[in-house]
Amino acid sequence: MRSRKTSGIQKLRIRRSSTPTTPSGNLEIKRQYLKKQRIKQHRQRKQEAQQQSQRKHSYRRIAMLVLAAVKAKREQWATIARETQEIVLGDGKYVEERHLPVVFPAVAQLNGQGLGLPSTDMDTTLRVTHDISAQIQLSRQGTTFYPHYSDLLATWASKRPTTAIANTAIEFTRTSTLTAAHVISNTHPHLYTHSPSSLSLTTLGVLSFASPKKPGGGCLHGGDEQEETIARLSSLVASLSVPAAREFYKEHKAFKVEDGSGLHDHSMVYSPGVVVFRSDWDDTLIASDESPRNAIMSNMTDLADDSVGGDFIPPYTINVVSSVPVNAAAVRAKHLILPSEAQLFEDGIRSAMKERMGRVLRIFEERGDRVIVLGAFGCGSSQNKVETIASLWAELLVCGDSQRKTEGGSEGQQHEARFKNSFEKVVFAVPGKLFDPFKTAFDMRIFEEEVAMAAADLTQEILSSPRQLTRCLRSSYFSQPPSLWFRRPFVSKMPLPRVMLCGDLVWAHKECEVMFKGVAEVVRMDSPNRADFFDGLKSGGKYYGTVAMMRQNSSADNIGVFDKELVEAISPTVKWIAHNGAGYDQINVDACKKKGIIVSNTPGAVDDATATTALYLLISALRRFSQAERDVRYGKWKSGHKAGDAHDLTGRTLAILGLGGIGLRMAEMAHAFPMRIVYHNRGKVEKAPEWCEYYPPERLDEMLAIADVLSVHIPLREDTVHFVDETMIRKLKKGAVIVNTARGKVIDEAAMIKALEDGHLGGIGLDVYPNEPQVNPRLFDFPNATLLPHMGTETCDSQKKMEIRALSNLRDYVLRGRGKDVIPEHKL
């Protein structure tokens, strides 16, 4: 005890001796303490700065290594893509290297007896040459372009398959599209048959997320989007390089000019029998000497992260639908979207994507594909929401959508998925981080639909028998959270907008019903005369409140043309007139523009039919076939025929006045004979082929001087009346032929007849006249005149295309505020 007490006293004395007894002593101790703290903090900051610098240097180094690795991988992909294009656009031959094991039977037998001898297996390389040129050519010949106004695509929601498949299997895989297709091609041999020429035919379909600009997108620059990968490993680029597929890119280019928002066009391309002959980076199939397609590796962890794929494999074929997804990122970037409008824009994107996805499935169904490979369509660089795309696939293939109105007009009833029984199997190939959210959203959409339908059934039961309420509340359904009881959102009861059909439809009745069901109320103009039509347009009239019109030429029989008087009488709510026809001279476009009404036409729908008519007139006028046909009917055998008056087409010069859609199609047809093609236009046409020689206005006289045939394809406007006048006719070489399928008033008829009388013109071919249906009787006196009663578009195919295209413009205005085919005078 004494020692402890002494120790405590000593400590107390030391503490007292070190404690300052004056204020200055206290300050000194405080200064020393603060100095030590500053030094300590300085050291800590210095250490942290050094560590941060080291981390930045490390991050920068890692980033540089990653960028270098990505660049190297893209260079490898670009090299593979170039090599692939050389093969598919060249001789179609490639050499596959197969690594085959060589096993010594004696050693294997002794090891089987448990001797444990060292393995003496070796690998040998077998080089196999494949020639896929015939298959590539078959695919190119079968490639088909489906424009957005195609009857097959426009009616996808109403058409049903003739034969249904009982249970469609739905599978999900984390692999790439082609890896999934490769597995299917090996595990489903019944999908493949062979033609008599030993060419492979398949019912395996694959959706390609296409670029709207060019075949394969940026595959030659090392791109790794889904279509770029398919193009790098298959013959897809060869199939998308044919003339039919080029129309696909023309349509998208024209749509971008008109719309420009990123929605893109609904047109698509179907390429059958595309040859896949290279493996993707995650392809786990191994070729063996006994069966090239029977070994499947289950352990994918052995694959190197830096694998780029591209190894040659035994060829197999797929059928590819190339469709461009909505570029949701561009849509959002183009518009200033307020928070209150965000859902409106997302609903618009969703609606466009559902229409496009339905059309994709319709093509697969129509072409007989039994197994199809789909994916997260447009969820990459286009930035569509993966939840939206997954739910749309679920609605189309599995659960339907109870929120849609049924034919009876009621809501909430089960609306079966349109493609529920169309395919044997549907595989969703969704690699990477999108797999889990995609599958979750797909399953959740099916669950939501089941819950909504169960809620509707229970509600009906409760309303019909209130005594069942207690039993329902005790059921397992209501044990779910209340938020899941009724998932269907509120449906607005606002009336549909009204659109008017001025003139009866002839060919597209069903298409009209499908296109406007749930979109707009269709009002048919039934006025017998103009006065009754004007009364209907007044406030409270039967046509008042119409927002858009579709005009048929037949409406002129009752209400006349759309002149200034009629346009000024149109209701102020009308802002769009969808004219059914390429020419629109029966509409006063200036009066429409002053009233804020935009006019559209149907340019592409009549190209083939009108160009074919022009070609017939050209051939008949040069060969004098019209005169010969009349002679035969009157029992005369070559009585008026002179070989010196007839000429071959080969080597002649065709001058086209106006290289629009019809003029360009005419050029393509005449070039096949071949004829030399020259043209005059307001400006040089970018999409014109190289063999089309452009003559600007200052060189028009040069073009006329060398022309054997002048084919007229310019629209009728105030500035084009008598555009082909006597001066222009006299500048044609002697004996030249004039063909007109545009409008009669574009040519000075009196000057043309005078040139026929004095022999300056060698012949004419006319399908249009200044005062139709009256025809100048003086034309009947010329045996070298081929005359038709405005037959340019008189085919059932063209008439139906025109009606559907005009209806599409009308529907696009209602849904998006603007149609596609705006006339030049009304373009911004």
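The following dialogue explains how several terms apply to this predicted model.

Visitor: What makes a feature count in this model?

Guide: The model is predicted, so local features need pLDDT of at least 70 and side-chain atom pairs count only at pLDDT 80 or more, while totals for chains, interfaces and linings use all residues. Residues are numbered from 1 along each chain as its sequence is written, and side-chain values use heavy atoms, with hydrogens and water left out.

Visitor: Why is Trp-156 called buried?

Guide: Buried means under 20% relative accessible area, exposed means over 50%, and partly exposed lies in between (1.4 Å probe, protein chains only). Trp-156 has 7% relative accessibility, and therefore counts as buried. Phe-419, with a relative accessible area of 0%, is buried as well.

Visitor: Why is the pair of Trp-156 and Phe-419 called stacked?

Guide: Rings of Phe, Tyr and Trp (its six-membered ring) pair if their centres lie within 6.5 Å; planes under 30 degrees apart count as stacked, over 60 as edge-to-face and the rest as tilted. A search of the whole structure finds 16 aromatic pairs. In the pair of Trp-156 and Phe-419 the centres are 6.1 Å apart and the planes stand at 15°, so the pair is stacked.

Visitor: What makes this pair a tie between parts of the chain?

Guide: Helices (H or I, at least four residues) and strands (E, at least two) are DSSP runs, numbered from the N terminus. Trp-156 lies in the loop between α5 (151-154) and β4 (169-173), and Phe-419 in the loop between α12 (386-399) and β13 (425-429), so the pair ties together parts that are 263 residues apart in sequence.

Visitor: What kind of pair do Phe-428 and Phe-438 form?

Guide: Their rings are 5.4 Å apart centre to centre with 50° between the planes, and the pair is tilted. Phe-428 is in strand β13 and Phe-438 in helix α13 (residues 435-464).

Visitor: How do you know that the buried residues of α4 are on the same side?

Guide: In helix α4 (residues 133-142), Gln-135, Ile-136 and Ser-139 are buried. They cover an arc of only 100° around the axis, which puts them on the same side of α4. The arc is that of the directions from the helix axis to the C-beta atoms.

Visitor: What makes α20 mostly covered?

Guide: Twelve of the 17 residues of α20 are buried, including Asp-607, Thr-613 and Leu-622. Helix α20 (residues 607-623) reaches 24 Å from its first C-alpha to its last, close to the 24 Å expected at 1.5 Å a residue; the expected span is 1.5 Å times one less than the number of residues. Arg-624, whose phi is positive, near 60°, follows α20.

Visitor: Are His-264 and His-722 buried or partly exposed?

Guide: At 17% relative accessibility, His-264 counts as buried. His-722 is partly exposed, because its relative accessible area is 38%. His-264 has a positive phi of about 65° although it is not a glycine, and the phi of His-722, also not a glycine, is positive at about 55°. His-264 is in the loop between α9 (243-258) and β8 (268-278), whereas His-722 is in the loop between β22 (709-712) and α24 (726-731).
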